[in-house]
Every structure is written in C-alpha cells, then in structure tokens.
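Please look over the sequence and the model shown here before reading the briefing.

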Amino acid sequence: MERSDGFVKSLTDDGRYRLLIEAVTDYAIYMLDPAGIVTSWNPGAQRFKGYAPDEIIGQHFSKFYSEEDRKAGLPARALETARREGKFENEGWRIRKDGTRFWAYVVIDPIRTPSSEVIGFAKITRDLTERREAELALRQSEEQFRLLVQGVTDYAIYLLDANGNVTNWNLGAQRIKGYLPHEIIGRHFSQFYTEEDRKTGQPQNALATAAREGRFEKESWRVRKDGTRFWAHVVIDPIRDGNGTILGYAKITRDITERKEAQQKLEKTREALFQSQKMDAIGQLTGGIAHDFNNLLMAVLGSLELMRKRLPDDPKLMALLDNAVQGAQRGSALTKRMLAFARHQELKQEPIEIPDLVRGMTELLQRSLGSSVGIETHFPLVLKPVNADANQLEMALLNLTVNARDAMPDGGQIVMAAREELVAAGHVTGLAPGAYVCLTVTDTGVGMDEATLSRAREPFFTTKEPGKGTGLGLSMVHGLTEQFGGRLTLQSGQGEGTTAALWLPVANARPQAIDQIQRSAGDAAKDQGSLVVLAVDDDGLVLTNTIAMLDDLGHTGLAASSGREALDILRRGDSVDLVITDQIMAQMTGLQLAEVIKREWPDLPVILATGYAEIAPGTEVNLPKLSKPFTQAELVAELARAAPSGRKAGRVLKFRTGAGSTT
Ligand SMILES: Nc1ncnc2c1ncn2[C@@H]1O[C@H](COP(=O)(O)OP(=O)(O)OP(=O)(O)O)[C@@H](O)[C@H]1O
Ligand SMILES: [Mg+2]
C-alpha cells in the first residue's frame, strides 16, 4: 500500500515481475549469465545466503558450493544439465556467506532467446534445512522405534499383510514361537493356531473381527515351531491407509502359560478347600448320628448278651437271639465306619511295619478276594514304619482291596505297593511337609468317571446295587488316614483302573512288635472276684446296660447319672473298687471327674468309656479306655487291667473320703 494505484498501473510487465520477485523472501531467486556469474539477487537470496546484492552480483555462483562439490565440478555440471535437459533439479548442501551450511533445494532453468540461444539461467533455491532436520528426526525416531520393537523379547510383535501373511518378526516372536525371521516371514499366521482352531476358521475370524471392530483380543492355545503349545494372550489391530483401506494388521502376542497355570493351581486349591469343608460338614453330621446310634446299639447288644444267659435253652429262641445280635453287630460295624469317617474313632497310634501287617493279612485277603483275583505286593527291602492303628489299617486295606475286586468282575490283578516319600510344602496332596509312606492299591478294573471319582469318598455314596454296598468303605479309609495325619488320594479314569493311595506319616520311634495288651485279657474275669464298680453315664439306657453287665459278672454296680452324683456317692464313703465313666456329660466330663478323683482318692482306678471324639486331639489321657459300645468280654478285659493289682478275690478296698469317714 506504499505506492499509489496510478504508479502500479504505470508499471510495465517487466517491472511487475521484478516487484514480485523482490517481495519473495522464502525463495532465493536470481539469475546467472551463461558462464554462471550472478547477475541479479532478490531479498530471499539475501536472507538465507547472507550476501547483499552488491557483494555477490558479478561473482561466480560456484561460491555457494562446498569445497568438495566445487572440486568435483558440480557447478559446471549443473549448468550443463540445465542447458542440455532444460532443467536441473537437486538437493544438497550449500554454503552461506558466514561459512555455515544449509540444505538447499535447487532448480536451475536456462533462459533462451526465441532462437534458442542460452542467454543465462534462472536459479531458484529454497532452504530446506529445517524440513530436512525434521525428516531426519522422524527417520531416527522411526529407527529407534523399530529397534525397540525388534528388541522386545517378552512380547511377540509383528505385522501381517492384508491377507494374514507375516511381514516382519521381532525377537520376542522368535523367542516365544521359535521361528527365525527367514523361516516365517511370508508364511500365513494361521500356522500358529492349533489344528482344531484352524479347522473351525479361527484365524480368519480373528482378522475379520479386527477389521470389523477395530480390535481383536483373546486368550487361547497357540502352537510353537516345535509343536508344543502355550497359552497366548493375543491382540490384533488393523492398519489402514488414509482412505480406510486395510493395509495389514499389527499383532501382539504374550505367552501367559505360567499365569494360567498359577490360576489353575489357585482354582484347584479352592476346589480342594471346598471339598474338605464339605467333608468336614458331612463328617460332623455323620459323627453326631453315629454317636447316638452307638449308644443305642450298646444298650441293644448288652441286653441281648444278658438275655442269652437267662433264656431257657430253646433252639428257636436262640436262633432269634442270634439274628438280633447279628443285626445289632452289623449296625455297630456301620457306626464304626461312620465314626471313622468323622474322625471320631478311638485310635491307637503305634509304629507299624507295613510289609509285616500285609503278610499277616494274607489269608484274610485271599478269602475275601476269591480265586479269580490275584494279588501282588511290591515293597522295598527297607521301609520305615508308619504311625497308625494296626486293626484300623487292616480294615482300610481290606476295604480298598474289596473295592478293587468289585471293579474287576471278570477277575484281574491287584498290586499293593509302598514307597517312602518326602513331602515338601505345596505338594499335590496338600499334606503337611514331612516323611510319609505312600501305600497304594492298584487294580486294572473298570475305573471311575470324573463324577464318581469326585464323590467316591462321601459317606453313603455308592454305585453298587442296593444291598451290595453301603458307600462307607472309602469314607472310613478317608477319615482314618486324616486322623493319622495322612491322606487318601484316588487316581482313576473310566476303563483305566484305579489307584488308591494311603499317605501315612512315618513313625519317629522304632517300631515295637504290635502289642497285644488289649487282646490278652481274655477270660480273666474268673480270677477277678467281686468288685464294687461305680458306673457313671448320663444316658440312662447305657447306664442300665453297664450295671446289668456288671451284675451279671458277679460284680456290684453302683449307678450315677452325672459326675456330681458320682462324687456324692464316693464322698458318702461307700466302698468302691473302680469307676467307669462316660466322657461327654453335661456339667462335668469324664476327664474332669477323673481329675477330682485323682486328687481326693489317688489310688482309685478310673476307666474312661468313649465312643465318640470327646477327647480333643493332643490331649494326653493316662486312663485306661473302653470304646463304646463294648461287649461284656471287653469289659472283663478292661476291668482285669485296671483293677488294683495284687488284690485277692473277695477283698474289697475301702477308700478314705475327704471327710475322713471310712466304711
Ligand atoms: N477300585 C475301584 N474301582 C472303581 N470304582 C471304585 C473303586 N473304589 C471305589 N469305587 C467307586 O466308589 C464308590 C464308593 O466306594 P466305597 O468303598 O466308599 O463304597 P462301596 O464300595 O460302594 O460300598 P462298601 O465299601 O460299603 O461296600 C463305589 O461304589 C465305586 O463306584
Ligand atoms: Mg467299598
């Protein structure tokens, strides 16, 4: 706006172009004569080459070239090219007046007369240093990114073309999948899928989903080059050009097998915990029922035994009686198994040599297995003894072998084996760390499907015909091993046979010959003479029964229905030789009663009658015990052991009461 319109209009075309060129500051626009001498210079040229017009007009344009380019004859060649081809175009370093370099984009056009004679050159130069630097920076960051992706080893990161063929491959991909770049680039990515997934079109689905939804994400099995599988977390993103056309896919895969395994382990542990809680709950219920039944059966069996002695010798009556006794005994055997399951059984803990125990059972096993089933034993030469109850362990082995026999209706072979194993924390069995003997009973029978296997240990679970099985066999074995601090594990598959394993803790002490204390008593009753026995039980039925048994044996039975009543009788000064007390009673337990007795009458023996887990594990009991229901013979044996030693038949000891009165 500095000049008036009249002035502008008066300019010639030539003058107008000059003005235009003079105004341009982003381009150096100047002319050379045919020899390359600068003949004009605009402000753009001045701005980025640094020369004022009078400093440069009349100089040769090679001044702008670097020393090397000049030596290489580049300026002359540029003019030559422009002259020959009508245009020279080039990017390269040029020198400013102050000696610094800039990256120039150069175009040289020849200027010709109508007769084609070259009268000079028009030269346009642009300073592209910034753009070049930006480009370089971009290229560098791209290179860094490429190196980064290449170097990542925890993730397989690679590209697929639009058809799903691998186009590049990083170190992570190589590490996770096992292929070297040249082995896989160009191949289709469905190669990483399992056969099943390929058949159902999973690879195509994955790309289609990525294309449709902009992303595909999934966890599933993939296959390595060596054929092994890994659990993969896969993400596929589509890559599109500016128009939205799919150019290919970016694929990121992680090997999360370990995480999955950890998760599975956690789930298994939870399942095991749930199972054990369920078993505990059933155990409590079963234990409660069995406890009540036990008391009833004790009364029934006791009364039947006494009836046998008093009934007239009529064979018909005796047959009926035998029937009743057998029925009650079967019931008692059942409740014993239930108590065993509920871990409410009175157990002896003694070191047991398994091979000896099994040898002792040979005849029993042969008889119960029949001729179509063979049995082999595989025991190592040296095997540490385990802590268990010999009778109960025999029962457990019998249960397992009978199960094995039942699973092989057409006959077969049972293998009984044992090995020592050191169990570390986190063992599959969930056992506490320590030394165990793993005693297995393996059959080649029908096996169990998963549902049966998961329920086999539950009480009353049976797949056998009604009347054929109680479903308490494995329950008993399970409860028993748990009570010993061990475990029962089952391994089976349908049609694959079964292995039942008893894990039993190794005994620390040296084994002693299984002691016969309880079995030796026999018919010692005859030498015992008459005792005054104070029987304590809060169950009237049981109490009456015990008193009846004592009376029948020729002893004098005194009845007390609580600990307090028993103490009253003793304090009254009645002469008593021995006390038999129930453990679980309201107000005062049998053990508490025994403690008071020990304080006040240190020489008075007490027998604890227990049928059910009244005694907390770990409690030390120094009293002789009778397990309920007990038979008359068992009562006799226990009385013989517990009665004051050295006493002669007929002599009744008197006990001094706290009040000092004596009878
Ligand atoms: N060795 C085995 N092979 C196949 N199935 C078995 C085996 N042991 C146990 N089972 C399955 O587990 C169930 C429960 O076994 P368990 O010993 O507790 O009871 P049972 O044998 O049915 O009855 P019981 O032991 O009272 O005679 C069986 O009914 C059977 O289905
Ligand atoms: Mg069984």
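This is a predicted model: local features need pLDDT of at least 70, side-chain atom pairs count only at pLDDT 80 or more; totals for chains, interfaces and linings use all residues.

Residues are numbered from 1 along each chain as its sequence is written, chains are lettered from A and ligands numbered from 1 in the order in which they are written, and side-chain values use heavy atoms, with hydrogens and water left out.

**Cavity**
- The structure holds one cavity of 30 Å³ or more, a cavity being a set of points on a 1 Å grid over the protein atoms alone where a 1.4 Å probe fits but cannot get out.
- The largest cavity has about 60 Å³ of space, where a volume is the space filled by probe spheres set on the points, which are joined across faces, edges and corners.
- Among the residues that line the largest cavity are Met298, Asp537, Asp582 and Phe630, lining residues being those with an atom within 4 Å of a point.

**Ligand 1**
- Around ligand 1 there are 20 residues, of which Asn403, Thr462, Thr463, Lys464 and Thr470 come nearest, and a residue counts as near if one of its heavy atoms lies within 4 Å.
- Oxygen atoms of ligand 1 lie 2.8 Å from a side-chain N or O atom of Asn403, 2.5 Å from one of Thr462 and 2.6 Å from one of Lys464.
- The protein covers 92% of the 590 Å² of accessible area that ligand 1 has on its own, with areas taken from the Shrake-Rupley method with a 1.4 Å probe.

Notes. On a 1 Å grid over the protein atoms alone, a cavity is a set of points where a 1.4 Å probe fits but cannot get out, and a pocket is an open set with protein on both sides within 12 Å along at least five of seven lines; lining residues have an atom within 4 Å of a point. A polar contact is a pair of N or O atoms within 3.5 Å; within protein, one must be able to donate a hydrogen and the other to accept it, and residues adjacent in sequence count only if both atoms are side-chain atoms.
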